[in-house]
Amino acid sequence: MEYQLPIVALVCNFSGSNFTSVMLHHSDVETLFHEFGHALHSLLSRTDYQHFSGTRVILDFAETPSNLFEYYSWDYGFLRKFTKHYSTGDPIPEELVKSMLEAKNMFAATELQRQILYALIDQTLHGAQLSSPRDTSSVVADLRTEHTSWKYVEGTHWHTRFTHLVTYGAGYYSYLYAKCFAATLWKKVCQKDPLSLATGSALRTKFLQHGGAKDPADILNDLIGSDAIRNQNGGIIPDITCLAEEMKL
Ligand SMILES: [Zn+2]
């Protein structure tokens with residue numbers, strides 16, 4: 001048997017680039033680390049079968065490494081190692097990172113509500129057939145009225161350009177799952193010393209190297225040392241405690 005080396009390419013199209021330098025917005029940096037999390041999942045994977053390698057995991061767990069690596073783009077100790085002012089060369093100020101984090105958490109509950117609405121729309125549109133046909137705009141309007149704090153604006157049809165409704169097909173909820181898993185892993189495994197050998201080794205040997213060849217509940221149990229809750233189908237149920245604490249909800 002021969003090990004096949006993985007090859008991963010991140011193809012990025014960042015704004016503000018020219019041929020000599022690139023100045024990234026922080027949201028670009030966050031996206032880069034998100035995609036880098038997917039890349040590491042594939043690069044560090046060591047499974048017997050290629051079909052279980054890297055990102056080839058069950059959907060409930062697929063976005064967890066990427067959401068976990070987003071945390072690195074918000075960690076001052078890590079950012080100061082490579083971010084520099086474009087003209088003075090000074091590292092990013094700690095106060096600035098603190099302010100950015102405060103701004104991020106300012107509307108955290110609204111953002112969470114928005115993600116829950118997206119997942120509900122996705123589940124409803126891909127759910128049981130209705131007895132009589134309905135247009136999707138009225139489905140979206142009703143869900144918005146029932147589950148969010150803001151109103152549907154008549155005559156708008158934003159969901160028609162929300163491509164995740166097609167590509168995820170009833171799986172959009174996995175983003176919320178990933179946010180919960182990533183918040184728990186960051187707090188319990190990474191936050192204290194994100195760049196230590198111990199943290200890196202734990203992420204590699206207990207998580208990323210298994211790809212889709214190990215039950216995600218067992219991966220979580222090995223990493224955080226407590227029992228992940230399973231539903232009746234053997235799937236995992238995320239614990240929102242760490243995410244809620246982080247968002248100050
Ligand atoms: Zn992703």
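This briefing covers the zinc site, the nonpolar core, the cysteines and several local features of the structure. The model is predicted. Its zinc ion is held by H34, H38 and E63. The largest nonpolar core has 49 residues. The count of disulfides is zero.

**Zinc site**

- The geometry is irregular, with angles of 51 to 143° among the four donor atoms.
- Along the chain, the donors follow the spacing H-x3-H-x24-E. H38 lies in helix 1 (residues 26-43), while E63 sits in the loop between helix 2 (59-62) and helix 3 (64-70), so the pair ties together parts that are 25 residues apart in sequence.
- Both H38 and E63 are buried.

- N67 lies in helix 3. It is buried, with a relative accessible area of 4%.
- A polar atom of the N67 side chain lies 2.8 Å from the backbone oxygen of E63.
- Leaving aside residues up to four places away in sequence, N67 touches H34, A178, K179 and A182.

**Nonpolar core**

- Within the largest nonpolar core, F61, L68, Y72, L203 and F207 touch the most other members.
- Helix 9 (residues 173-190) supplies the largest share of this core, with eleven residues.
- Y72 has contacts with F33, F78, L79, W186, C190, P194, L195, T199 and L203, again not counting residues up to four places away in sequence.

**Cysteines**

- A disulfide is a covalent bond between the sulfur atoms of two cysteines. None is counted in this model.
- C190 is in no disulfide, and the nearest cysteine sulfur, that of C242, is 12 Å away. C190 is buried, at 0% relative accessibility.
- For C242, the closest cysteine sulfur is in C180, at 9.3 Å, which is too far for a bond. C242 is also buried, with a relative accessible area of 8%.

**Helix 11 and its ends**

- Helix 11 spans residues 216-224, and its buried residues are P216, A217, I219, L220, N221 and L223.
- At its start, a side-chain oxygen of D215 comes within 2.8 Å of the backbone nitrogen of A217.
- G225 follows the helix and has a positive phi, near 65°.

- Most residues other than glycine have a negative phi. A170 has a positive value, near 75°.
- A170 is found in the loop between helix 8 (164-167) and helix 9. It is partly exposed, at 25% relative accessibility.

**E245 and A183**

- E245 lies in helix 12 (residues 241-246). It is partly exposed, with a relative accessible area of 46%.
- E245 and A183 are 62 residues apart in sequence, yet their C-alpha atoms are 9.3 Å apart in space.

Key. Residues numbered from 1 in each chain as written. Predicted model: local features only at pLDDT ≥ 70, side-chain atom pairs only at ≥ 80, totals over all residues. Heavy atoms only, no water. Donors = N, O, S within 2.8 Å, 3.2 Å for Na, K, Ca; no water. Tetrahedral: all angles 85-135°; square planar, octahedral: opposite > 155°, others 65-115°. Helix = DSSP H or I, 4+ residues; strand = E, 2+ residues; numbered from the N terminus. Buried < 20%, exposed > 50% of the residue type's maximum accessible area, 1.4 Å probe, protein only. Core = buried A, V, L, I, M, F, W, Y, C linked by side-chain atoms within 4.5 Å. Contact = heavy atoms within 4.5 Å. Disulfide = S-S within 2.5 Å. Polar contact = N/O pair within 3.5 Å; in protein donor to acceptor, adjacent residues only side chain to side chain.
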